[in-house]
Amino acid sequence: MSTLPPCPKCASEFTYKDSGGFICPECGHEWSGEAKAAIDETKIIKDANGNILADGDTVTVIKDLKVKGSSSVVKVGTKVRNIRLVDGDHDIDCKIDGIGAMQLKSEFVKKA
């Protein structure tokens with residue numbers, strides 16, 4: 001099995017290493033190993049509709065969400081302002097009025 005990264009342009013698995021860089025034989029794209037590492041570090045987080053989210057955005061909850069360890073529920077239509085994107089399963093850190101600090105999954109919000 002190959003441990004070489006797939007092509008960042010066409011996602012081909014048939015890449016090969018050549019003089020310190022990588023080459024894709026299908027589309028002809030050439031890139032260095034450092035550039036690929038930089039692309040992996042900038043993970044793109046999208047909402048339920050496919051819009052790209054960024055730090056400081058305002059989002060709206062699209063599904064009733066139970067708050068773990070409490071009888072509270074975050075209702076549909078709740079606006080969450082000034083989100084912060086983080087790594088992990090729950091990729092949004094935020095503060096919701098009346099509930100407090102929470103982590104949300106991006107699949108349960110849409111960009112407002």
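The model is a predicted one, in which local features need pLDDT of at least 70, side-chain atom pairs count only at pLDDT 80 or more, and totals for chains, interfaces and linings use all residues. Residues are numbered from 1 along each chain as its sequence is written, and side-chain values use heavy atoms, with hydrogens and water left out.

One helix and 11 strands make up the secondary structure of the chain, where helices (H or I, at least four residues) and strands (E, at least two) are DSSP runs numbered from the N terminus. Along the sequence, the pattern reads β-β-β-α-β-β-β-β-β-β-β-β. Of the 112 residues, 29% count as buried, meaning under 20% relative accessible area, with exposed set at over 50% and partly exposed in between (1.4 Å probe, protein chains only). Among contacts with a separation of 6 or more, 36% link residues 24 or more positions apart; a contact requires heavy atoms within 4.5 Å.

The largest nonpolar core holds 15 residues, and Val 74, Val 80, Ile 92, Cys 94, Met 102 and Leu 104 touch the most other members. Such a core is a set of buried Ala, Val, Leu, Ile, Met, Phe, Trp, Tyr and Cys residues joined through side-chain atoms within 4.5 Å. Strand 4 (59-61), strand 9 and strand 10 (100-104) each give two or more residues to this core, and strand 9 provides the largest share, three residues. Although buried, Asp 47 has no salt bridge, and the nearest side chain of opposite charge, Lys 111, is 7.4 Å away. A salt bridge here requires a side-chain nitrogen of Lys or Arg within 4 Å of a carboxyl oxygen of Asp or Glu. Polar atoms of the Asp 47 side chain do lie 3.0 Å from the backbone nitrogen of Asn 49 and 2.7 Å from the backbone nitrogen of Lys 111.

Gly 88 sits in the loop between strand 8 (84-85) and strand 9 (92-96), and counts as partly exposed because its relative accessibility is 42%.

Technical notes: Lys, Arg positive; Asp, Glu negative; His and termini not counted. Polar contact = N/O pair within 3.5 Å; in protein donor to acceptor, adjacent residues only side chain to side chain.
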